[in-house]
Amino acid sequence: MAKEAKLYTFTWKGKDKTGNSSKGKIDAPSVAVAKAQLRKQGIIPSGVRKQSNAGLFSAENKAIQPVDIAFFTRQMATMLKSGVPLLQGLDITAGGIEKKKLKDIVYAIKNDVNGGTDFSSALSKYPEHFDDLYCNLVHAGEQSGALEQMLDRIATYKEKLESLKAKIKKALTYPTAVIVVGIVVSAILLVKVVPQFESVFTGFGAELPAFTQFVIGLSEFAQEWWFPTLAVILLSGFAFKKALLKSEKLRDGVDKLSLKIPVIGKILQNASVARFSRTLATTFAAGVPLVDALDSAAGASGNAVYRDAIIQIRNGVSTGQSLKNAVSMTGVFPNMTEQMIAIGEEAGSLEMMLEKIADFYEELVDNAVDNLSSLLEPLIMVVLGVLVGGLVIAMYLPIFQLGNVV
């Protein structure tokens, strides 16, 4: 079979059938083909030009994110539910993708499927974007003849998971960003502003307050050592990030420590329970055996403590324990989760009960993040007040005491 021509994105301007000016983008292997396609659509093109890459940070050159995979899955589910054939759905979906990397992958998947490869097998060639859980669920959908329902379920799962990640990121990013800004402002004051006051204080002829002397000493240190200090901080951060990537033991230690952080730790715990429940419900509903479903849930838990606990649950279930008893034995899951799982097992509605557990804990995370933002605002103001206000007070103390010198 002949290899499909490589497609490029072209921007065009022209007039439609009614004579109104119009413009847009179109994918085609060449300018001539792009013009021919536009004419077939009833558009008279006045200008067609190949879209150039805007640079490394342009939209089409950005890396593929999990949210992009969720959007792709939702589009494919919608296409198949509408009766669009799989190949045509892949073609239409690829045409609407801005990121070139993902667009190329979708076209490659389409070519594989067109050549007789199963959809799940074609997806499995890109494990960095379509993991084992994703491919296994798609395979289950293909085997059962309900691919559109399975893609819809996967899309919902991905969307809820990404929403949960965004909430956790929001909880961690806001206070960190404000404190970093406060430190940067304080550093600028120490390096640029305090030395101006110091030159004025030298003519006072009196001993400066201890607090002012301390700030001046800090300023002198910052002026002399700011660059080495900044370099050490950046290098330490880079080294720590590399160490996290290489050392599973360090990652596990960070995960355990993160659960002990006041307020934030509780949010992370609830998020892990929500991920466990959502993943288990999705895989269990797809007909995946419970032991295999627990394997997938362990990988999606997002925290080493809960990953190890879920592996322990899997081992217990594989030896004949009920899911409720296996969960209870770990000692890390809330009592409510254990009781709801027990009810689900007894009533034969485990999938529905797991969905309810996931919804409940996702809502807990959402509320906790909103409350955290409200609680942190006054605390952050105090921190900024101490950092910036302390420097200002230290500089004005000698001026307040100037009357004693006179």
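Against which helices do the buried residues of α3 pack? The structure is a predicted model, in which local features need pLDDT of at least 70 and side-chain atom pairs count only at pLDDT 80 or more, while totals for chains, interfaces and linings use all residues. Residues are numbered from 1 along each chain as its sequence is written, and side-chain values use heavy atoms, with hydrogens and water left out.

**View 1. The buried side of helix α3.** In helix α3 (residues 86–95), the buried residues are Gly 89, Leu 90, Thr 93 and Ala 94. These residues lie on the same side of α3, because they cover an arc of only 130° around the axis; the arc is that of the directions from the helix axis to the C-beta atoms. An α-helix has 3.6 residues a turn, so residues three or four places apart point the same way. The buried residues of α3 pack against α2 (66–81), α4 (100–114) and α5 (119–123), where contact means heavy atoms within 4.5 Å. Buried denotes under 20% relative accessible area, exposed over 50%, and partly exposed in between (1.4 Å probe, protein chains only). Helices (H or I, at least four residues) and strands (E, at least two) are DSSP runs, numbered from the N terminus.

**View 2. The salt bridge between Lys 110 and Asp 91.** Lys 110 forms a salt bridge with Asp 91, and their closest N and O atoms are 3.4 Å apart. Lys 110 belongs to helix α4 and Asp 91 to helix α3, so the pair ties together parts that are 19 residues apart in sequence. Lys 110 is buried, at 14% relative accessible area, whereas Asp 91 is partly exposed, at 31%. A salt bridge is a side-chain nitrogen of Lys or Arg within 4 Å of a carboxyl oxygen of Asp or Glu.

**View 3. The salt bridge between Arg 74 and Glu 159.** The two side chains meet at 2.9 Å, N to O. Arg 74 is partly exposed, with a relative accessible area of 22%, and Glu 159 is partly exposed, with 33%.

**View 4. The salt bridge between Arg 307 and Asp 252.** These side chains meet at 3.2 Å, N to O. Arg 307 is in helix α12 (residues 304–318) and Asp 252 in helix α9 (residues 248–258), so the pair ties together parts that are 55 residues apart in sequence. Asp 252 is buried, with a relative accessible area of 16%.
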